[in-house]
Amino acid sequence: QEWAERALRTVAREERLRIAVREVGTRALFTETAREISLLADACIDFAWKRAVAELETKHGPLRADDGRSVPLTILGMGKLGGMELNPGSDVDLVLFYETDDGACEKSALTPAEFYMRASQRLCALLETPTEDGVVWPVDLRLRPEGKRGPLAISTARAEQYYEAWGRTWERAALLRARPVAGDLS
């Protein structure tokens, strides 16, 4: 487990340095650099997500819907990340949507909401907990439905209900720049 966290931080640090040197050395356009930093963030988020899910599946078994299918989750990048405009000092704005609340893990009674809440917490820890190797990326989850009060990951049905009934115009407009960055990209 520790090797993965160290490798993630090392790769993120080295790639940021490579991008900075390339930008200075070749006078790369800001848009090129921002895109490359955004793609690096995508890769880091995806790696951390897969790691978080694998850790939970080892303990609780795979998460299955009532019909036996897996319960996919998509992580959307919002703001600068969603617009491929990330800079080295930016945090990553994320929103996590999973398909259904119906189901459980094979080895335990963990529901999709519980499973993805724990996986989201682990994702954030992998990305932003400071270690001797630094931080991968600060995470901001405040753009999710219900803001700080809402669950870290939410079912698509509950999210739709929120956006239709209570979502403010700016919250719905923020989704225009959203794009899948990790999890089930389809």
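This is a predicted model: local features need pLDDT of at least 70, side-chain atom pairs count only at pLDDT 80 or more; totals for chains, interfaces and linings use all residues.
1. Residues are numbered from 1 along each chain as its sequence is written, and side-chain values use heavy atoms, with hydrogens and water left out.

2. The secondary structure of the protein chain comes to six helices and seven strands, and from the N terminus on the elements run α-α-β-β-α-β-β-α-β-β-α-α-β. The radius of gyration, taken over C-alpha atoms, is 17 Å, close to the 16 Å that the globule rule (2.2 Å times the number of residues to the power 0.38) gives for 186 residues, so the chain is as compact as a globular protein of that length. Along the principal axes, the C-alpha atoms fill a box of roughly 55 × 40 × 25 Å.

3. Buried residues make up 44% of the 186 residues in the protein chain, where buried means under 20% relative accessible area, exposed over 50%, and partly exposed in between, with a 1.4 Å probe and protein chains only. The chain exposes about 9,900 Å², of which carbon and sulfur atoms supply 55%; accessible areas come from the Shrake-Rupley method with a 1.4 Å probe, and for residues only the protein chains shown count as cover. Of the contacts (heavy atoms within 4.5 Å) with a separation of 6 or more, 72% are accounted for by residues 24 or more positions apart.

4. The structure holds 18 salt bridges, each defined as a side-chain nitrogen of Lys or Arg within 4 Å of a carboxyl oxygen of Asp or Glu. One of them joins the side chains of Glu-36 and Arg-18, at 2.4 Å from N to O. Because Glu-36 lies in helix α2 (residues 30-60) and Arg-18 in helix α1 (residues 2-26), this pair ties together parts that are 18 residues apart in sequence. Arg-18 is partly exposed, with a relative accessible area of 36%, and Glu-15, Arg-18, Arg-22, Glu-32 and Glu-36 are linked in a network of salt bridges.

5. Arg-69 forms a salt bridge with Glu-99, with 3.1 Å between the closest N and O atoms. This pair links distant parts of the chain, 30 residues apart, as Arg-69 sits in the loop between β1 (63-64) and β2 (73-78) and Glu-99 in the loop between β3 (92-98) and β4 (104-105). Both partners count as partly exposed, Arg-69 at 44% relative accessibility and Glu-99 at 34%. A further salt bridge is formed by the side chains of Arg-142 and Asp-140, at 2.7 Å from N to O, and here Asp-140 is buried, with a relative accessible area of 9%.

6. Thr-100 also lies in the loop between β3 and β4 and is buried, with a relative accessible area of 16%. Its side chain reaches the backbone nitrogen of Asp-102 at 3.1 Å, and, leaving aside neighbours within four places in sequence, Thr-100 is in contact with Ala-65, Val-71 and Pro-112.

7. Glu-171, in helix α6 (residues 169-174), counts as buried at 5% relative accessibility. A polar contact of 2.7 Å joins the side chains of Glu-171 and Tyr-162; the term denotes a pair of N or O atoms within 3.5 Å, where within protein one must be able to donate a hydrogen and the other to accept it, and residues adjacent in sequence count only if both atoms are side-chain atoms. Leaving aside neighbours within four places in sequence, Glu-171 is in contact with Tyr-162, Tyr-163 and Trp-166.

8. Glu-57 lies in helix α2 and counts as partly exposed at 33% relative accessibility. The C-alpha atoms of Glu-57 and Lys-107 are separated by 8.8 Å, although these residues are 50 residues apart along the chain. Not counting residues up to four places away in sequence, Glu-57 touches Pro-62, Leu-63, Lys-107 and Phe-115.

Note on methods
Helices (H or I, at least four residues) and strands (E, at least two) are DSSP runs, numbered from the N terminus.
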